[in-house]
Amino acid sequence: MDSPSRVFAAVIPSAARDFAYNEKEQGLEGLAQVVHRQSHNNRVREVQVTGVAEICSPADRVTVRISVGNTKESVNDVRNSVSRRVEYILQTLRQHGVKDEDTSVRRFLHREDDLYHMDVEVTVSFSDFEKMERVCSVLLEKLDKSVCVGVPHFYHSTECLSQLRQRACVSAVENAQQKACEVSRLLGQNLGPPLLVREEETREWRNEEEEEEGDRRRGGATHPQLPHRPTVTASCRVSVTFSLQDKTRKKL
């Protein structure tokens, strides 16, 4: 017959194997229960709050399309005629500090009866709106009617939208922290470190007033309108859990 010490030593490995099996079967749910029991035994107190924030941002980029076209009796003549104007456009862009990667050129040559027609479209992207206005003014002043400078189109870059979402999320967390501070002060507790931060919802939309204004403009305005610069609003809602700590009392 085994001694009591040997029997105790034989039981412990069996219990360890059963616990490992149960933990493997239950997965994260079992782990969460263990954490819950430990938290209950240690009397960990916490407060869960939500924070909401909305951030607006106007468009940070603008594109302008410049069209050049001409018709000649020979291919060489029409190419030379259009190429001179296109070269002047590209030179003007370089003089104003526009990078080559912000410029694209498309060419299309076709024949109608005995005439050759060539169209060229230069698309330029700007982040400096004042520079865009200066370039458009120079081209409209220096070039003839064969060159058409289109209406500027404002839009949000991918980087701008990404930063907008981040700002909305950070602001929502800050609002949640301020709310938790007020709650802990009301309860006579100190606010501890955050235990969990969860992003519940993120949305983006354009202002309805701007969309209605755009619809009215497309509906047949009789006088010239300034280019529309849209604004995007990002909203974020987060849930944050903080621990609560007792206030330490000073000893007299």
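pLDDT is the predictor's confidence in each residue, from 0 to 100.

**Figure 1. Confidence along the predicted chain, with residues 1-39 in view.** The model is predicted, and the protein chain averages a pLDDT of 81. A score of at least 70 is reached by 73% of the residues. Over residues 1-39, pLDDT stays under 50, and the model has three contacts beyond four places in sequence for this stretch. Where pLDDT is low, the predicted coordinates should not be read in detail.

**Figure 2. Helix α5, residues 158-186.** The end C-alpha atoms of α5 are 43 Å apart, which agrees with the 42 Å that its 29 residues should span at 1.5 Å a residue. Buried residues of α5 include Leu 161, Leu 164, Ala 168, Ala 172 and Ala 176. An α-helix has 3.6 residues a turn, so residues three or four places apart point the same way. Among the elements covering the buried residues of α5 are β1 (45-58), β7 (189-206) and β8 (231-246). Gly 188, with a positive phi near 70°, follows the helix.

**Figure 3. The salt bridge between Arg 165 and Glu 204.** The closest N and O atoms of this pair are 2.3 Å apart. Arg 165 lies in helix α5 and Glu 204 in strand β7, 39 residues apart, and the pair links distant parts of the chain. Arg 165 is partly exposed, at 35% relative accessible area, and Glu 204 is partly exposed at 35%.

**Figure 4. The salt bridge between Glu 201 and Arg 237.** Their side chains meet at 3.8 Å, N to O. The pair links Glu 201 in strand β7 to Arg 237 in strand β8, 36 residues apart. Salt bridges with shared partners join Glu 201, Arg 203 and Arg 237 into one network.

Terms used:
Residues numbered from 1 in each chain as written. Predicted model: local features only at pLDDT ≥ 70, side-chain atom pairs only at ≥ 80, totals over all residues. Heavy atoms only, no water. Helix = DSSP H or I, 4+ residues; strand = E, 2+ residues; numbered from the N terminus. Expected span 1.5 Å × (residues − 1). Buried < 20%, exposed > 50% of the residue type's maximum accessible area, 1.4 Å probe, protein only. Contact = heavy atoms within 4.5 Å. Salt bridge = Lys/Arg side-chain N within 4 Å of Asp/Glu carboxyl O.
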